[in-house]
Amino acid sequence: MIAKHITVALIGSALLATAAVAQTPGSTNIMSAPAATSSESGYHGDWRSSKMIGLNVYNDSNEKLGSISDMLLDKSGKINAAVIGVGGFLGVGEHLVAVSFDKLKFVDTPVPSTSTSSTSGGTTTGTTTGSTTSTSTTSKSNPWYPDHVVFSATKEQLKSMPEFKYSE
């Protein structure tokens, strides 16, 4: 008799649990979110902050100075400064400097690269060799972040700036 009562109790509990899980949520649905009112096109031209970290920084002569290591924001979310890592190898020996964000120029087109190619041609009396320098750029396909940053300074000037240290 006790086994019969236990069986009925287990079946009843299972039915109640199934009914509770199967209920459709009403106005107290915690998981529902309001419909999005903005679309991707509303943010066209904005840059992703995650893609800004690691951007290469060049000077006006297209010499690589370093890369952006961090960005410093005020409490309202405005970017005040960029932390640039200068020198070092894989982060070891890198000198961090904080540069005012308005001193940086963000560029969408790639850095012009110069390459030298040699051409040679022969004649019956001798050989002539020549050198040709060409500059090439490619178009950027991703609008969510700039290609690189330009800062008007030399690597030596950045290294001579006070080192930026994170306070604990």
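Good morning, colleagues. The model is predicted, so local features need a pLDDT of at least 70, side-chain atom pairs count only at pLDDT 80 or more, and totals for chains, interfaces and linings use all residues. Residues are numbered from 1 along each chain as its sequence is written, and side-chain values use heavy atoms, with hydrogens and water left out.

I begin with the interior. A nonpolar core here is a set of buried Ala, Val, Leu, Ile, Met, Phe, Trp, Tyr and Cys residues joined through side-chain atoms within 4.5 Å. Buried denotes under 20% relative accessible area, exposed over 50%, and partly exposed the range in between, with a 1.4 Å probe and protein chains only. The largest nonpolar core has 18 residues, and the members that touch the most others are Leu-104, Phe-106, Phe-151 and Leu-158. At least two residues of this core come from each of β2 (64-73), β3 (79-86) and β4 (95-100); strands are DSSP runs of E, at least two residues, and helices are runs of H or I, at least four, numbered from the N terminus. Leaving aside residues up to four places away in sequence, Leu-104 touches Ala-82, Ile-84, Val-99, Val-149, Val-150 and Phe-151, where contact means heavy atoms within 4.5 Å.

Next, the aromatic rings. There are 2 aromatic pairs in the structure. Rings of Phe, Tyr and Trp (its six-membered ring) pair if their centres lie within 6.5 Å; planes under 30 degrees apart are stacked, over 60 edge-to-face, and the rest tilted. Phe-101 and Phe-106 form a tilted pair, because their ring centres are 5.3 Å apart and their planes lie at 40°. Both Phe-101 and Phe-106 are buried. The pair of Phe-164 and Tyr-166 is edge-to-face, because the centres are 4.9 Å apart and the planes are at 85°. Tyr-166 is partly exposed, at 43% relative accessible area.

How many salt bridges does the structure hold? It holds 1, the term requiring a side-chain nitrogen of Lys or Arg within 4 Å of a carboxyl oxygen of Asp or Glu. The side chains of Glu-163 and Lys-165 form this bridge, at 3.9 Å from N to O. Glu-163 is partly exposed at 41% relative accessible area, whereas Lys-165 is exposed at 62%.

Finally, a backbone feature. Asn-62 is not a glycine, yet has a positive phi of about 60°. Asn-62 lies in the loop between β1 (56-58) and β2, and is partly exposed at 37% relative accessibility.
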